[in-house]
Amino acid sequence: MARTLIEFKRACREESVPRGRSRCLLKNISLSLREGQKLGVFSDSSKSAQALLECASEVAPLQSGKVDIRANVSWPMPSRGALDGVLTGRQNAKFLQAIYGKPGERREEIARIEELAALETGYFDQPVKTWGTQMRGRFDVALSLIFDFDVYIVSKKFPWSQSSKPQLESLVREAFDRRVAGKTLLLFHQDEEFIGRYCDEAIVIKKGQIAYQGDFSGAQKWFHCNVSKSQNDDDVQDQEFEDSSSTTVEESEDEAQLW
Amino acid sequence: MSRKIVRILNGFALQIRIVLALADRDFLMRAEKGDFGVWGVVFEPLALMLTLLALRILVRVKTVDLMNPLIWLACGITMLYLFRKIAIKALTGVKKGQRMFFYRRIRPLDTLLASALIEARVHASILVMIFVSEAFWFWRIQLDDPGLALIDFLVTVVLAIGIGVSALVIGHRIPIVKTLTKFGLNRLLLWTSGIFFATYQLPGPLRPYVTWNPLLHSVEILRHSINNAYPIPDISLDYLLTCAFLSCGFGLIFYFSNEALLLSDD
């Protein structure tokens with residue numbers, strides 16, 4: 001029987017909203033992610049799905065409950081994380097390679113990051129703060145796809161379709177295919193085709209709770225019948241809470257054209 | 001059994017890699033943010049210490065005949081700065097390094113060890129620079145017991161980490177402990193660590209008022225390791241070792257039982 005790699009036990013997560021209020025993103029979530037399982041996430045609120053991914057990768061703490069992690073789990077790909085703009089791309093890549101890379105393959109992995117990020121000539125040795133938004137985005141994607149994890153957590157920012165540059169799109173898809181083959185996957189994305197291509201199982205989160213869990217097509221059907229119609233109301237509610245200043249182009253949570 | 005040992009060794013090797021990577025990153029960040037680049041990381045604290053040394057020598061500090069006053073003062077000031085910086089960074093470093101915990105493999109202790117490693121490297125370089133400069137100036141080298149000097153230096157680093165981590169964890173529960181530790185590190189240590197006096201010159205009945213301070217033992221042992229004729233009454237390496245390992249042991253026990261609290265509260 002496959003090993004359980006991530007286990008949510010009655011996990012609750014809240015977020016603070018203006019005027020001292022708080023809103024529940026995850027409510028009593030109990031979920032197990034087994035070795036080799038590929039689980040897609042449908043949700044009525046992208047914040048709840050993002051909270052699930054962040055708790056699974058231990059980036060965000062819980063208000064109550066517990067998440068047991070028994071594997072090497074990625075950060076929600078392709079988040080920027082703690083990379084510093086003062087340092088060059090190479091210095092940042094070296095730092096992450098030392099932590100997540102293979103000790104004997106430093107040079108190869110850094111060269112692969114440089115290739116996958118497809119930066120303009122000379123930019124890899126310039127401070128990251130001097131780069132454009134798209135270059136930074138590509139660099140984040142490249143960093144996410146180089147290291148070997150037991151569990152890959154993929155967020156909706158992942159640039160799955162890059163129609164303007166099919167050559168680079170296939171490079172990313174190839175790297176992604178190679179990475180997730182035989183690995184455990186937790187995936188949330190707007191592109192249902194992307195989820196369906198990789199996940200054989202899925203969950204539906206409605207009002208912070210798991211409302212449905214089963215095979216992908218069943219979950220997709222359930223989501224469209226019971227959730228997606230009412231989703232617009234929740235999105236409006238989401239918008240009310242969001243601080244308008246925080247939605248800059250650079251930090252936009254949606255998938256962006258990076259090439 | 002052997003698989004368990006291999007797993008422990010792999011975990012240990014990974015932690016060393018993480019600490020070294022964090023130390024390199026911290027060093028590069030300081031170099032990028034400072035005015036003099038990589039050299040500035042060493043020269044900025046060196047300049048501060050040389051100013052203090054020059055001031056003390058100008059006002060003709062009462063010193064000893066057994067050692068060059070520059071080396072005698074440098075031993076005290078360098079060890080004090082080393083101890084203070086490591087302990088204060090251990091106290092405040094978790095909050096500052098919070099961003100790094102985005103990567104699951106990096107734990108708060110790794111960031112503290114990384115900053116201790118940088119401070120140890122910087123202050124060891126400063127000591128070596130001052131020592132080599134003095135050796136060239138007088139064309140004579142005196143380091144009677146290099147092994148003792150090295151052990152003393154390393155034990156002081158362990159002591160600073162231990163005191164800093166203990167105060168950090170206890171300070172999380174009782175905030176006044178953090179304030180008192182900062183006061184102790186910034187004020188009390190300067191006047192009780194033998195920076196401006198030698199223990200053997202103090203009258204016997206006064207010594208117990210300063211020999212409780214393990215940093216005094218560290219400073220005096222370093223001076224003794226340079227010239228074995230330098231007397232160190234009531235000073236012992238055993239006391240320094242006991243304080244270092246007790247504080248580090250307690251600090252690590254407190255840390256491991258409160259790690260989650262440190263991550264979530266800050």
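# Close-up views of a predicted two-chain model

**View 1. Helix α4 of chain A is largely enclosed by the rest of the structure, because 12 of its 14 residues are buried.** Buried means under 20% relative accessible area, exposed over 50%, and partly exposed in between, with a 1.4 Å probe and protein chains only. Helices (H or I, at least four residues) and strands (E, at least two) are DSSP runs, numbered from the N terminus. The model is predicted: local features need pLDDT of at least 70 and side-chain atom pairs count only at pLDDT 80 or more, whereas totals for chains, interfaces and linings use all residues. Residues are numbered from 1 along each chain as its sequence is written, chains are lettered from A and ligands numbered from 1 in the order in which they are written, and side-chain values use heavy atoms, with hydrogens and water left out.

Helix α4(A) covers residues 133-146 and reaches 20 Å from its first C-alpha to its last, close to the 20 Å expected at 1.5 Å a residue. The expected span is 1.5 Å times one less than the number of residues. Among the buried residues of α4(A) are M135(A), F139(A), V141(A), L143(A) and I146(A). The buried residues pack against α2 (89-100), α3 (106-117) and α5 (166-180) of chain A, contact meaning heavy atoms within 4.5 Å.

**View 2. R136(A) sits in helix α4 of chain A.** This arginine is buried, with a relative accessible area of 18%. The side chain of R136(A) reaches the backbone oxygen of V128(A) at 3.4 Å. A polar contact is a pair of N or O atoms within 3.5 Å; within protein, one must be able to donate a hydrogen and the other to accept it, and residues adjacent in sequence count only if both atoms are side-chain atoms.

**View 3. Five strands of chain A form an open sheet with mixed pairing, in the order β5-β6-β3-β7-β8.** The edge strands, each pairing on one side only, are β5 (151-154) and β8 (209-215) of chain A. From one strand to the next the twist averages 15 degrees. Two strands pair if DSSP finds at least two bridges between them. Strands of a sheet pair through backbone hydrogen bonds, either parallel or antiparallel. β5(A) and β6(A) pair in the parallel sense over 4 bridges, and V154(A) has L187(A) in β6(A) as its bridge partner. β7 (residues 201-206) and β8 of chain A run antiparallel and are joined by 6 bridges; K206(A) is partnered there with Q209(A) in β8(A). Both faces of β5(A) are covered, with V151(A) and I153(A) buried on one side and Y152(A) and V154(A) buried on the other.

View 4. Axes are lines fitted to C-alpha atoms, for helices over the stretch in contact, and angles run from 0 to 180 degrees between N-to-C directions.

**View 5. R104(B) makes contacts with chain A.** R104(B) lies in the loop between α3 (69-96) and α4 (108-138) of chain B. Its side chain is joined to that of E58(A) by a polar contact of 3.0 Å. Leaving aside neighbours within four places in sequence, R104(B) is in contact with S57(A), E58(A), I69(A), A71(A), V73(A) and Y100(A).

**View 6. Helix α1 of chain B spans residues 2-33.** Its 32 residues reach 46 Å from the first C-alpha to the last, close to the 46 Å expected at 1.5 Å a residue. The buried residues of α1(B) include I18(B), L22(B), R25(B) and M29(B). In helix α3 of chain B is L70(B), which is partly exposed, with a relative accessible area of 26%. L70(B) and L50(B) are 20 residues apart in sequence and 9.5 Å apart in space, C-alpha to C-alpha.

**View 7. The structure holds 0 disulfides over all chains.** A disulfide is counted as a pair of cysteine sulfur atoms within 2.5 Å. The sulfur of C12(A) is 5.8 Å from the closest cysteine sulfur, in C24(A), too far for a bond. C12(A) is buried, with a relative accessible area of 14%. C75(B) is also buried, with a relative accessible area of 2%.
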